[in-house]
Amino acid sequence: MRWMAILALAAMCGGCASVTRGMTDQVQILSEPPGAEAHTSMGHACTTPCTLQFNRKDEFIVTASKPGYHTVEMPVATRLASAGAAGFAGNVLLGGVVGMAVDAASGATLEHFPNPVMLTMMPLRRGEKPRVLKQEPPIPPPPAPEAAPPES
């Protein structure tokens with residue numbers, strides 16, 4: 001009887017990261033100067049600054065254009081989020097193999113990087129033809145060091 005209750009709870013929980021983080025992520029798109037028309041390879045469009053929603057598993061390219069400036073593009077990738085890893089680990093207690101499969105399939109353990117996406121527009125010089133400038137995302141910061149246990 002006890003095992004039935006545990007299995008029922010695990011089935012209801014699904015994937016812990018899926019439950020706690022959801023399967024979508026909001027990505028903020030900024031440009032300098034603001035007011036650029038941003039388009040993604042996923043078909044989204046907005047005027048910067050703006051925020052768009054994507055599935056956590058989606059990787060895409062953001063392209064921004066503005067009259068008088070070169071077009072700029074930057075790839076947005078996914079990476080394992082620390083909160084996603086914690087939710088995935090929670091499957092050991094509640095979700096089991098089913099929860100792990102749900103989290104892995106949904107991408108709930110992932111986050112988009114960079115977020116926010118910061119695009120720096122370069123002005124056209126007199127007589128210069130516009131071109132597409134590829135910007136690389138910033139180098140991700142190293143993981144935070146683990147805190148030392150408090151001394152007694």
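A nonpolar core, to begin with a term we will need, is a set of buried Ala, Val, Leu, Ile, Met, Phe, Trp, Tyr and Cys residues joined through side-chain atoms within 4.5 Å, where buried means under 20% relative accessible area with a 1.4 Å probe, protein chains only.

What you see above is a predicted model, in which local features need pLDDT of at least 70 and side-chain atom pairs count only at pLDDT 80 or more, while totals for chains, interfaces and linings use all residues. Residues are numbered from 1 along each chain as its sequence is written, and side-chain values use heavy atoms, with hydrogens and water left out.

The chain has four helices and nine strands, which are DSSP runs numbered from the N terminus (helices H or I, at least four residues; strands E, at least two). Of its 152 residues, 35% count as buried.

Let us turn to the core. The largest nonpolar core holds 17 residues, and those with the most contacts inside it are Ile29, Phe60, Val62, Val117 and Leu119. Strands S1, S4, S5, S6 and S8 each supply at least two residues of this core. If we leave aside neighbours within four places in sequence, Val62 is in contact (heavy atoms within 4.5 Å) with residues including Ile29, Val72, Met74 and Leu119.

Is aspartate 25 buried or exposed? Aspartate 25, which lies in strand S1, is buried, because its relative accessible area is 13%. Its side chain is joined to that of histidine 112 by a polar contact of 3.0 Å, a polar contact being a pair of N or O atoms within 3.5 Å, of which, within protein, one must be able to donate a hydrogen and the other to accept it, and residues adjacent in sequence count only if both atoms are side-chain atoms.

Note on methods
Buried < 20%, exposed > 50% of the residue type's maximum accessible area, 1.4 Å probe, protein only.
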